6 protein chains.
Amino acid sequence: MVYVTRRSTFSASHRLYNPAFSDQQNEALFDKCANPRGHGHNYVLEVTVGGEPREETGYVIDLKKLKEIIKCEVLDKVDHKHLNHDVEFMRGIIPTAENIAKVLWNILESKITEGRLYSVRLHETENNIVEYRGAS
Amino acid sequence: MVYVTRRSTFSASHRLYNPAFSDQQNEALFDKCANPRGHGHNYVLEVTVGGEPREETGYVIDLKKLKEIIKCEVLDKVDHKHLNHDVEFMRGIIPTAENIAKVLWNILESKITEGRLYSVRLHETENNIVEYRGAS
Amino acid sequence: MVYVTRRSTFSASHRLYNPAFSDQQNEALFDKCANPRGHGHNYVLEVTVGGEPREETGYVIDLKKLKEIIKCEVLDKVDHKHLNHDVEFMRGIIPTAENIAKVLWNILESKITEGRLYSVRLHETENNIVEYRGAS
Amino acid sequence: MVYVTRRSTFSASHRLYNPAFSDQQNEALFDKCANPRGHGHNYVLEVTVGGEPREETGYVIDLKKLKEIIKCEVLDKVDHKHLNHDVEFMRGIIPTAENIAKVLWNILESKITEGRLYSVRLHETENNIVEYRGAS
Amino acid sequence: MVYVTRRSTFSASHRLYNPAFSDQQNEALFDKCANPRGHGHNYVLEVTVGGEPREETGYVIDLKKLKEIIKCEVLDKVDHKHLNHDVEFMRGIIPTAENIAKVLWNILESKITEGRLYSVRLHETENNIVEYRGAS
Amino acid sequence: MVYVTRRSTFSASHRLYNPAFSDQQNEALFDKCANPRGHGHNYVLEVTVGGEPREETGYVIDLKKLKEIIKCEVLDKVDHKHLNHDVEFMRGIIPTAENIAKVLWNILESKITEGRLYSVRLHETENNIVEYRGAS
């Protein structure tokens, strides 16, 4: 198995807020991340696909193809957007980095037909990073 | 002259929009940066102060002091905020990186009493950076 | 399982020296790292916790809480210190990056009550990095 | 087990081209990576060795020794070279990052006598990264 | 004056060689950079434009526009190319970072019609960087 | 003028302490930087030389030569050392980043015989940076 990673970035805003709770409870849970108007990040997304390099190409998956999948399925839908309001696939989900990584995994897994999705890693800031490797 | 730089970061959202123009004009001017709900960035702020190191300390300005000034005057007011709505000193100003840098210069200049403010540098993304060195 | 990582930094000095050996042997083993007065690094510490995001928060562990644990248990005790002399929990341990990572694991493991400690990664320089994932 | 990583860099050129195919097919498969004159990268190589730190040194493997192995076995042979033409151990192999990582694994594995080679990670660009952890 | 910088990257190969000299002299002058088959880099290009932000947009120059100029005039012509053989505007020029920066300045200067080109900065590796600010 | 920068790193320890003051005064001035045993950093040093590229080489100064000067004059003397005790040229100087940069300037200026020293930039941490461009 060789693991192939494509790194990309997108800029989005979000607000951490659970509608089941009061504003006060949300503030207690999420602190400044619950600010009503939201705030934003330059997210760094690392998508890793594992597989055997093919004899004819030496590729697990052509990174230009992986780049295109990530662009169509993810970046075009989240870049310069508000994750709580503008993104269909985030509806009803608290947009923590953990939850975003899981959603992106579910979206990408079936689209990757050479090799298999191994990891979705998401940097929310330079100090806060999450990774999801699927339900095992 | 020695130049001393303090780097810090904040996460905020913004929308590029000029109220003097129609929505269509704003979209033509600002493209996806005009999305109504806004988007966000992990801004990297580099504040540079120039001066002579003092004999007794070897400091132009104590970086702990500079850090504190930047925290009180800037970070506490913009971090996890929406720059168009939540920040007093950005009111009525289109929050491009250029304009933010100029505003931050004006705020910081008078607060720095050891050495003199030399530059405010703001990274909006890893590829887009602005710098302001004051009106000369 | 989602893996959540908090990155932080500290500046410390150390000397690689085994008191069971002569100075000459230490120099042979550790070369310039055995210099009597020590030298130092900007260590980068990455602590990773694994777990299921909670329904109500979307968090494996609140990163503000993880940050606080790392600050109290580690950073406050090692930052701007000499690891051979000033740090209780390093007493009698050769402060290689390997050994520091293992010690930090042992300190942090019991303090993390949401999710489970998965990895302690320590960058001694930009080119030298160690990781410990516990005794399995 | 502690995992010890040494990061190094080399600058080389390569061309992705499979001699079993026509030029047209190569262009279809490899696009601009098939340009006849080749192009190049600043490769970043991360070699990870796993093992138990020794009692007397606190080292899994002395990183100066690992650095020397990587220099002699890899860097001296690929740095400032054309991977398709100048490098003995790449002869007949399409120099994708995947294939380079596998070849470097095979070269390094037997040379590392303290601990065991765990991973060879190769960054071709800041956005394209591969990792090989051996045939299991 | 505000300074606006756009960072981009390209991968190319080159060879340092002065045809006025013998092979031996070239090797003496350029060492391993004179290897006949060439080698390559991931160049990082930072283009800085200075000017006053416009009242209506808050932009010195729309960075999407600057990005487009850099793409058309530079990246499309050098990315995945051999600088000695494939690039019209490098013909007859020894492709040191210094010379590339000067050539790119001359190409870009007239294309930038909002603000004025202030600096072309080129990173050949993470340790070797050149900057050109025009003939004054 | 083209500006050529060589980046290098060294690991050293230091203590900020002015012998003219009491321990209490030193602590008030330098806080945790005055800890008696010292602490350390991975310093990043950027040396910039300005000049015209030579016709025959396209070089302002051969970066291999600049690298060698920096190694002999600086790195060999400060790497893995305690700046207050082990380094001749720092004797009697409070080793703030400001003062180190000025000392390194004075050492390097006369050694650079192609082009002229333009700037010495020193990163003490990823957030604290100083630059000296000489007395003008």
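What is the area buried between chain C and chain D? I looked that up to open the notebook.

**Ground rules**

I am working with a predicted model, where local features need pLDDT of at least 70, side-chain atom pairs count only at pLDDT 80 or more, and totals for chains, interfaces and linings use all residues. Residues are numbered from 1 along each chain as its sequence is written, chains are lettered from A and ligands numbered from 1 in the order in which they are written, and side-chain values use heavy atoms, with hydrogens and water left out.

**Entry 1: chains C and D**

I found a buried area of about 1700 Å² between chain C and chain D. Carbon and sulfur atoms give 49% of that area. Buried area here is the accessible area (1.4 Å probe) that two parts lose on being put together, summed over both. I noted that the size of an interface is often given this way.

Next I checked the contacts, meaning heavy atoms within 4.5 Å. On chain C, 20 residues are in contact with 20 residues of chain D.

I then looked for salt bridges (a side-chain nitrogen of Lys or Arg within 4 Å of a carboxyl oxygen of Asp or Glu). There is one between chain C and chain D. Lys102(C) makes a salt bridge with Glu52(D), with the closest N and O atoms 3.3 Å apart.

Which elements of chain C each supply at least two residues of the side that touches chain D? I listed helix 1 (23–30), helix 3 (97–109) and strand 5 (128–132). Helices (H or I, at least four residues) and strands (E, at least two) are DSSP runs, numbered from the N terminus. Strand 5 of chain C gives the largest share, five residues. By class, I recorded nine nonpolar, five polar and six charged residues on this side of chain C. Ala, Val, Leu, Ile, Met, Phe, Trp, Tyr, Cys and Pro count as nonpolar, Asp, Glu, Lys and Arg as charged, and the others, Gly among them, as polar.

I followed strand 5 of chain C across to chain D. Five bridges join it to strand 1 (residues 2–14) of chain D, and the two run antiparallel. Strands pair if DSSP finds at least two bridges between them. Val130(C) stands opposite Val4(D).

**Entry 2: chains A and B**

I turned to the next interface. Chain A and chain B each put 23 residues into the contact. The area buried between them is about 1800 Å², and carbon and sulfur atoms give 45% of it. Arg37(A), Asn42(A) and His80(A) supply 34% of the area that chain A buries against chain B, more than any other three residues.

How many salt bridges does the rule find across the interface of chain A and chain B? I counted four. Asp79(A) forms a salt bridge with Lys32(B), the closest N and O atoms being 2.8 Å apart. On the side of chain A that touches chain B, strand 1 (2–14), strand 2 (39–51) and strand 3 (81–82) give two or more residues. Strand 1 of chain A gives the most, with five residues. I noted two nonpolar, 13 polar and eight charged residues on that side.

Chain A and chain E do not touch, and their nearest C-alpha atoms are 14 Å apart. I also found no contact between chain D and chain F, whose closest C-alpha atoms lie 14 Å apart.
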